[in-house]
Amino acid sequence: MSWAHLATTQVGWTGVSSGSLSVTPQAGSDRLAIASLGWEDNNTGDTITALTWNSVALSTITSGSIEVGATFTNRTEQRYMLNANFPASAQNVAWTSSALINGGVILIVSQYSGVEQQANEAVGSASSTSAQTVSPNITTITNNAMVYMTGCQGNSGTWTWGTGQTERSDSAQDTMTAGASDENIATAGAQTQSGTVTGAANRIVGLVTAWKEVAAAGGGFIRVSLTGGTHEYRGGMYG
C-alpha cells in the first residue's frame with residue numbers, strides 16, 4: 001500500500017456549541033485530513049454549521065453523518081481536506097453547531113499521505129438504540145483502499161476495534177465516548193468494520209469512509225511505432 005497514517009489529534013468539551021483545536025500539518029505528499037465530530041445531545045437534528053482548518057472549510061461527504069436516538073441522541077460526522085488546502089503551519093481546526101450540544105463533544109483529526117486527491121470512493125454507516133457494538137458495511141472500489149471508521153456511543157467506556165483495524169483515537173467525554181480506526185483493504189469489495197464499547201448497551205453509531213491510494217508509478221509499457229522501428233516506453237524509460 002502507498003498510503004500512511006501521519007498523525008491523529010483529539011480534544012473534548014461538554015455543553016458547548018463551538019470549539020477549536022490547534023493541529024500541526026504533517027510532512028508528506030498527497031495528503032488527506034479527516035476531521036470528525038462525535039457528540040451526545042438531548043436535542044434531535046442539531047448539525048455542524050461550520051468546520052474549518054485555518055478558516056478554510058473542510059469538504060462535506062455525501063451521507064457522511066449518522067445520528068440515533070430521540071430524547072437523547074448520539075452522532076458522528078466526517079469531513080475532509082486535501083493536500084492543496086493544508087496550512088503551512090499549526091492552525092486551528094474550528095467547528096460550530098446549530099445549537100448548544102448539552103452533552104460531550106469530541107473532535108478527532110487524522111492526517112494521511114499517499115491518498116488520491118479526490119473525494120472518498122465509498123461510505124457506509126450503522127446505528128442502534130441499544131448496543132455495545134456497531135458494524136457498518138462498506139464496498140470499496142479499488143485495491144488497497146484506506147478505510148476510516150469513526151464511532152460514538154452513549155457510555156464513557158473504551159473502544160475495541162475489529163480484526164485488522166488500527167486504533168487512531170479513543171476518548172471519553174462526560175457520559176459518552178468517540179473513537180476512530182483505519183485499515184488497509186487489500187482487495188476491493190464488500191467489507192464490514194466494527195467497534196465495541198465497554199460498559200452497558202446504549203445508543204451507538206458508526207460511520208466508515210473509503211479512500212483510494214495513490215497509484216504506484218511504473219510497471220507497464222506503451223509500445224509506439226515510429227520511423228526507424230518500434231520503441232517502448234516502460235516504467236519511466238524510453239528505448
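Asparagine 155 lies in the loop between β11 and β12 (159-161). Strands here are DSSP runs of E with at least two residues, numbered from the N terminus. The model is predicted: local features need pLDDT of at least 70, side-chain atom pairs count only at pLDDT 80 or more, and totals for chains, interfaces and linings use all residues. Residues are numbered from 1 along each chain as its sequence is written, and side-chain values use heavy atoms, with hydrogens and water left out.

Asparagine 155 is buried, at a relative accessible area of 17%. Buried means under 20% relative accessible area (1.4 Å probe, protein chains only). The side chain of asparagine 155 reaches the backbone oxygen of alanine 200 at 2.4 Å. Beyond its neighbours within four places in sequence, asparagine 155 contacts Thr175, Met176, Thr177, Val197, Thr198, Gly199, Ala200, Ala201 and Asn202. Contact means heavy atoms within 4.5 Å.

Strand β11 belongs to an open sheet of five strands. The order is β8-β17-β11-β14-β13, and the pairing is antiparallel. Two strands pair if DSSP finds at least two bridges between them. Strands of a sheet pair through backbone hydrogen bonds, either parallel or antiparallel. The edges are held by β8 (122-131) and β13 (166-173). Each has a single partner strand, so one side of each is left without a neighbour in the sheet. On average, neighbouring strands of this sheet are turned by 10° against each other, direction ignored. The axes behind this angle are lines fitted to C-alpha atoms.

Two of the pairings can be described in detail. Strand β11 (residues 145-153) pairs with β17 (residues 202-211) in the antiparallel sense, over eight bridges. Here cysteine 152 stands opposite valine 205 in β17. Strand β13 is joined to β14 (residues 176-185) by seven bridges, and these strands also run antiparallel. Glutamate 167 stands opposite serine 181 in β14. The hairpin of β13 and β14 has two residues between the strands. Aspartate 174 takes a positive phi near 60° in this hairpin.

The protein as a whole has zero helices and 20 strands; a helix would be a DSSP run of H or I of at least four residues. The C-alpha trace spans about 80 × 35 × 25 Å along its principal axes. Of the 239 residues in the protein, 48% are buried. Among contacts between residues at least 6 apart in sequence, 78% join residues at least 24 apart. The protein exposes about 10100 Å², with 47% supplied by carbon and sulfur atoms. This area comes from the Shrake-Rupley method with a 1.4 Å probe.

Notes: Axes are lines fitted to C-alpha atoms, for helices over the stretch in contact, and angles run from 0 to 180 degrees between N-to-C directions. Buried means under 20% relative accessible area, exposed over 50%, partly exposed in between (1.4 Å probe, protein chains only). A polar contact is a pair of N or O atoms within 3.5 Å; within protein, one must be able to donate a hydrogen and the other to accept it, and residues adjacent in sequence count only if both atoms are side-chain atoms.
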